[in-house]
Amino acid sequence: MNAFPTEPKKIMERIRRYERALRKDIKTFGFIEDGAGKRYLLGALYLILGDAEGAVQSYKWLEQVLPDDMGEPFDHLCWSLALYRAGDTEAASRKLLRTMLHNLYLLLPYSA
């Protein structure tokens, strides 16, 4: 996978490319064949752009398309942040709790 772009326009291009690829998988196979994990990067890329609403919309779409997907802990953490930034603190709290239960070590404080 290429290094992540830093320019907003290029980040948006990357988001669109990933979304097109996921939709193409659905059209071609009837499901998402995403061995590279592009679906786990979409929300974070939207957050980098400061688009919490776009991230939440992306997460909701993926939840609809992949209702049985276990997800990835960092992706769940980004989802919690997106919900919080979008103003849905109740849903953000629930998602953060589920994130913590998904990976107990993700949010532990580091001590040297």
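The mean positions of the 16 positive and 15 negative charges of the chain lie 5 Å apart, where Lys and Arg count as positive and Asp and Glu as negative, while His and the chain ends are not counted, and where each charge is placed at NZ of Lys, CZ of Arg, CG of Asp or CD of Glu. This is a predicted model, in which local features need pLDDT of at least 70 and side-chain atom pairs count only at pLDDT 80 or more, whereas totals for chains, interfaces and linings use all residues. Residues are numbered from 1 along each chain as its sequence is written, and side-chain values use heavy atoms, with hydrogens and water left out.

Side chains of opposite charge can pair when their charged atoms come close. With a salt bridge defined as a side-chain nitrogen of Lys or Arg within 4 Å of a carboxyl oxygen of Asp or Glu, the count comes to five.

One of them joins E19 to R16, with the closest N and O atoms 2.8 Å apart. E19 and R16 are three residues apart in helix α1 (residues 8-29), and so they are separated by about one helical turn; helices here are DSSP runs of H or I with at least four residues, numbered from the N terminus. E19 is buried at 11% relative accessible area, and R16 is partly exposed at 35%, where buried means under 20%, exposed over 50% and partly exposed in between, using a 1.4 Å probe and protein chains only.

Another salt bridge connects R39 with D69, whose closest N and O atoms are 3.0 Å apart. This pair links distant parts of the chain, with R39 in the loop between α1 and α2 (42-48) and D69 in the loop between α3 (52-65) and α4 (73-85).

Terms used: Helix = DSSP H or I, 4+ residues; strand = E, 2+ residues; numbered from the N terminus.
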